[in-house]
Amino acid sequence: MMGTVTNVRSRIYWIFFHMSLLLLFGKKAFAQIRYTVPEESKGGTVVGNVARDLGLDVTSLNDRRFRVVSGSKDAFFEVNQDNGALVVHGKIDREELCKGSGACVIDLKILVENPLEMHYVTVEIIDINDHSPSFPEKQQTLEIAEHTLPGRRFQLHSARDPDAGINSIRTYTLTSNDHFEIDIRQGDEDKIPFLVLKKSLDREQKNKHILIVTAVDGGKPPKTGTLNVSIIVLDSNDNRPIFSQEMYQIEIQENVSIGTSLFKINATDPDEGTNGEIEYSLVKTLRKNIYRLFELDKLTGLIKVKGLVDYEENDVYKLDVEASDKATPPMTGESRVIIKVIDVNDNPPEIEVTSLSNTVSEDSKVGTVISLLSVTDKDSGVNGKIITSIISDGPFELKPSYKENIYSVVTKGLLDREQVSHYELTIKATDCGEPPLFTFKTFSIQITDVNDNSPWFSQNPLQVYMFENNVAGKILFSVSATDKDMNENAVISYHIVREGGPNDIMSFLNVQPENGHITAMKSFDFETVKTFQFQVVATDSGTPSLSNNVTVNVFILDQNDNAPVILYPLSSNGSAEGVEEIPRNVNAGHLVTKVRAYDADIGYNGWLLFSLQEVTDHSLFGLDRYTGQIRTLRSFTETDEAEHKLVILVKDNGNVSLSATATVIVKLVEPKEAFAASDVKSATKVEEEDNVTFYLMITLGAVSLLFIISIIVLIAMQCSKSTDYTSKYLQETNYDGTLCHSIQYRSGDKRYMLVGPRMSIGSTIVPGSHANTLVLPDRRRASEEVGLSVKYSSGNLINV
């Protein structure tokens with residue numbers, strides 16, 4: 001390590017100072033140390049171990065972003081985050097950097113985070129002897145009168161050496177001769193050589209002398225520069241110009257207009273003629289910027305402004321002037337003009353953001369540090385005093401540091417990204433000059449999201465209406481939730497709450513997790529399920545995740561998907577065909593039969609209408625379009641055919657209506673034949689069913705009486721209703737005139753019977769029959785079973 005803390009006392013002082021800062025400011029305390037390093041050190045040269053001197057943990061430097069924060073364009077130093085060493089980053093030229101003979105120091109800001117700390121390091125650049133002395137001109141000519149007395153001094157060009165301290169110019173030497181010697185006068189900033197005449201000159205012996213002046217610096221080994229001095233011996237001019245003052249002092253304001261006259265110097269020469277005429281000039285050993293900023297009228301001695309004078313560049317200028325007469329050789333007098341520059345408020349403050357967190361979590365605590373910044377003003381005095389404030393709205397404030405014009409931006413309130421996700425923070429720095437100057441600095445702060453909002457459904461519960469017969473696997477509908485958070489915290493997935501068994505309707509439902517599309521693995525039937533309810537849960541992808549649920553009420557809408565089913569007539573092979581025999585002598589309005597049908601749909605889809613699609617004679621039969629009753633329109637004549645075919649169309653009232661047809665063959669028979677046919681059919685039916693019931697006994701008795709009183713029996717068959725009569729044409733006294741039919745058929749081990757308009761028995765509805773088919777128990781078990789009396793209900797099958 002090339003730089004160290006100078007002594008034990010200063011070390012104890014800095015330790016005490018650092019501990020005081022820690023006690024006062026906690027984790028925000030700052031420390032300051034000092035190192036030295038030679039100029040021209042190679043890149044990577046270790047200046048000092050900052051981390052060790054500051055007491056920082058070397059293993060945490062990388063995580064804490066240990067770095068040098070430099071406000072200049074060129075960074076001369078950097079820190080090694082692996083070992084905490086401060087190393088040289090680029091070439092350091094002390095003469096270019098400091099341009100002076102004083103101490104050359106660089107102030108560094110060392111920044112570490114988590115917690116945020118700022119430390120100040122001062123590095124002094126030690127000069128090395130890397131420059132040789134040089135004269136502004138290689139040749140200088142002096143004209144000296146021959147009668148010049150010994151001891152006369154002649155100022156020579158001063159050599160310049162950019163190095164400082166011991167490496168600057170230490171002395172001047174002169175080549176050996178008989179007439180001259182070198183003398184050195186210490187100026188304000190450097191040594192000025194003078195040529196001193198030690199022996200009078202004799203122009204007649206030698207009119208020109210050539211001397212070499214050598215400037216030697218104090219380096220080891222020393223470096224030199226030479227000046228060739230030519231001395232021309234002239235006749236004498238024994239009086240030199242004399243200034244009215246040895247030193248002049250004036251004050252001017254910076255930014256004074258170019259061409260402004262500043263001051264007029266004056267010198268006098270008691271000689272006469274050309275020996276007494278004076279010309280003024282600036283000596284040639286001044287800094288180059290003086291010739292750029294000021295000019296001197298050689299005849300009048302008036303000093304004028306030639307360039308822009310800036311207080312911040314230099315506050316004092318020293319002009320060495322000469323007054324020379326026109327004698328041969330001329331004589332000169334010297335004086336110095338000191339120009340002091342007065343500062344004006346011409347520089348606005350500058351804001352430097354040394355550290356900035358562009359993103360801040362919305363759950364950050366009050367007092368979280370967002371940024372570190374420093375403000376500077378090149379002006380001095382009251383013009384350099386700065387007032388800093390935040391002028392934009394937002395939950396932020398400035399907190400000053402212990403060091404002047406260093407601030408931290410911290411939160412003063414809670415943040416909520418869902419309300420404000422972005423802030424434009426504007427800092428204003430105003431100096432105290434007259435008029436005041438100000439600067440704005442704006443930077444963006446993005447509020448990052450945390451998962452503090454649950455998914456939200458706009459409608460809960462959700463009512464969904466859908467038609468039956470949906471396509472299995474096709475999307476039925478969708479649920480959608482929103483989340484005020486963003487990115488992963490707003491990515492929502494969906495799932496269905498399943499609480500029932502495998503046969504529960506929820507087991508047939510699926511939801512696509514990424515978009516909430518609801519699908520069903522089966523098709524719904526309105527006639528089986530009319531409504532159901534389930535719950536969908538929406539869960540976000542935050543950590544931890546938040547969720548919400550919605551109740552979905554699904555209502556199945558009916559479609560016209562069931563065609564009418566013909567219940568009567570129904571043949572033994574299952575076709576909708578039947579034969580009806582009626583006496584030829586019936587009157588108009590006689591009920592031939594009633595076509596019975598049902599439709600499993602509801603509403604208009606289940607409302608059935610009857611129409612005659614085909615009939616042999618339209619004048620004989622009429623069909624009630626609402627009840628399906630077929631009645632005679634007139635009495636039969638001898639010319640009417642004995643057999644008529646009626647095709648009845650039964651259709652529902654759906655948008656696309658469905659239909660079924662039934663065929664009824666109507667046979668006209670004589671009254672006796674009708675009676676006999678009815679009797680034979682009843683006996684055959686009872687025999688096939690092997691049921692000896694109370695109805696069969698009455699039928700047999702009626703058949704016996706038929707041969708005795710056939711006319712009475714015929715009248716009784718047509719005009720009266722008897723529960724003991726088993727003829728096909730049964731009439732109910734409480735009915736509206738429609739004939740009821742008792743047609744039975746078998747399906748497996750069950751028997752079914754078609755009955756009339758009313759039903760008053762407590763028979764069980766067959767599942768899946770949609771309340772239209774009733775099951776009859778098998779009566780073939782015993783002939784002695786007691787028969788059940790049945791009241792009929794229109795259009796239904798009843799189990800007796």
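Here is a short chat about the salt bridges in this predicted model.

Me: How many salt bridges does the structure hold?
Reply: It holds 16 salt bridges, where a salt bridge is a side-chain nitrogen of Lys or Arg within 4 Å of a carboxyl oxygen of Asp or Glu.

Me: OK, which residue does R34 pair with?
Reply: R34 pairs with E124, and their closest N and O atoms are 3.4 Å apart. R34 is in strand β1 (residues 32-38) and E124 in strand β7 (residues 117-126), 90 residues apart. Strands here are DSSP runs of E, at least two residues, and helices are runs of H or I, at least four, numbered from the N terminus.

Me: What about E137 and K284?
Reply: Their side chains form a salt bridge too, at 3.5 Å from N to O. E137 lies in the loop between β7 and β8 (139-145) and K284 in the loop between β19 (278-282) and α4 (288-293), so the pair ties together parts 147 residues apart in sequence.

Me: New topic: are D320 and R336 buried or exposed?
Reply: Both D320 and R336 are buried; buried means under 20% relative accessible area, exposed over 50%, and partly exposed in between (1.4 Å probe, protein chains only). Their side chains meet in a salt bridge of 2.7 Å, N to O.

Methods:
Residues numbered from 1 in each chain as written. Predicted model: local features only at pLDDT ≥ 70, side-chain atom pairs only at ≥ 80, totals over all residues. Heavy atoms only, no water.
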